[in-house]
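Trainee: Could we go through this one together, starting with how the helices pack and then moving on to the charged pairs?
Mentor: Gladly; have a look first, and then ask away.

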Amino acid sequence: MADTRIDRETLRELADAGNEAALDRLADLADETGDTRELSELLDEGSARAGFLLTRRAAASGDLRELQRISDAGFDTADEMERLLNAPVDEKNP
C-alpha cells in the first residue's frame, strides 16, 4: 500500500502555487496542533478555512478583539461578534 501522507513542505509549495485545497489542509494541520500563529499567517494569505478555524477559536473563548482582527483581515465574523456582543454581561467578570 502506498504512503498517501503529504508533508508540509509539499503542501506549502502547492499552496504557494495557488492550490486552495493545499492551503485548507495547512490550516487544518495548524488547527490540529493549536498553531494560531500559522493560522493567522494563512488567513493573511487569504485562506477562508483559516478564517473559519480562527473564528471558531475566538468565539469559543469570547475574544472580541481577535474576532475584530479576523474581520479586518476580510473574513466575515459578524454572526459571532453579534452573538457575543448581545450576550448577557457577567458582572462578576467584567
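**Helix packing and charged pairs**

Mentor: Helix 5 and helix 6 are roughly antiparallel to each other, because they pack at an angle of about 155° and an angle over 145 degrees counts as roughly antiparallel. Keep in mind as we go that this is a predicted model.

Trainee: OK, and how far apart are the axes of helix 5 and helix 6?
Mentor: The axes of helix 5 and helix 6, the latter covering residues 78-85, are 10 Å apart, and helix 5 passes helix 6 in a left-handed crossing.

Trainee: Which residues make that contact between helix 5 and helix 6?
Mentor: From helix 5 the contact takes in L64, L67 and Q68, and from helix 6 it takes in E80, M81, L84 and L85. Sorted by class, the residues of this contact are five nonpolar, one polar and one charged.

Trainee: Let's jump to the start of the chain. At what angle do helix 1 and helix 2 cross?
Mentor: Helix 1 (residues 8-16) and helix 2 (residues 20-33) have axes that cross at roughly 140° and come within 8 Å. Helix 1 and helix 2 are therefore oblique to each other, and their crossing is left-handed.

Trainee: Which residues meet there, between helix 1 and helix 2?
Mentor: On the helix 1 side you will find R8, L11, R12, L14 and A15, which meet A22, L23, R25, L26, L29, A30 and T33 on the helix 2 side. The residues of this contact between helix 1 and helix 2 divide into eight nonpolar, one polar and three charged.

Trainee: What about helix 3 and helix 4, at what angle do those cross?
Mentor: The axes of helix 3 and helix 4 cross at roughly 135° and come within 8 Å, and that angle makes helix 3 oblique to helix 4. Helix 3 passes helix 4 in a left-handed crossing.

Trainee: What else is linked with R12 and E45 in a network of salt bridges?
Mentor: D16 is, so that R12, D16 and E45 are linked in a network of salt bridges.

Trainee: Is D31 buried or exposed?
Mentor: D31 counts as buried, because its relative accessibility is 15% and the cut-off for buried is under 20%. R57, with a relative accessible area of 31%, is partly exposed.

Trainee: Which residue forms a salt bridge with R69?
Mentor: E66 does, and the closest N and O atoms of R69 and E66 are 3.1 Å apart. R69 and E66 both lie in helix 5 (residues 64-72), three residues apart, which is about one turn of the helix. R69 is partly exposed, at a relative accessible area of 29%.

Trainee: Last one: where does R49 lie, and what does R49 touch?
Mentor: R49 lies in helix 4, which covers residues 48-61. Leaving aside residues up to four places away in sequence, R49 touches D24, A27 and D28. The C-alpha atoms of R49 and R25 are separated by 8.7 Å, with the two residues 24 apart along the chain. R49 is partly exposed, with a relative accessible area of 30%.

Terms used: Residues are numbered from 1 along each chain as its sequence is written. This is a predicted model: local features need pLDDT of at least 70, side-chain atom pairs count only at pLDDT 80 or more; totals for chains, interfaces and linings use all residues. Side-chain values use heavy atoms; hydrogens and water are left out. Helices (H or I, at least four residues) and strands (E, at least two) are DSSP runs, numbered from the N terminus. Buried means under 20% relative accessible area, exposed over 50%, partly exposed in between (1.4 Å probe, protein chains only). Contact means heavy atoms within 4.5 Å. Axes are lines fitted to C-alpha atoms, for helices over the stretch in contact, and angles run from 0 to 180 degrees between N-to-C directions. Angles under 35 degrees count as roughly parallel, over 145 as roughly antiparallel, 65 to 115 as roughly perpendicular and the rest as oblique. A crossing is left-handed if the near helix is turned anticlockwise from the far one by less than a right angle, and right-handed if clockwise. Ala, Val, Leu, Ile, Met, Phe, Trp, Tyr, Cys and Pro count as nonpolar, Asp, Glu, Lys and Arg as charged, and the others, Gly among them, as polar. A salt bridge is a side-chain nitrogen of Lys or Arg within 4 Å of a carboxyl oxygen of Asp or Glu.
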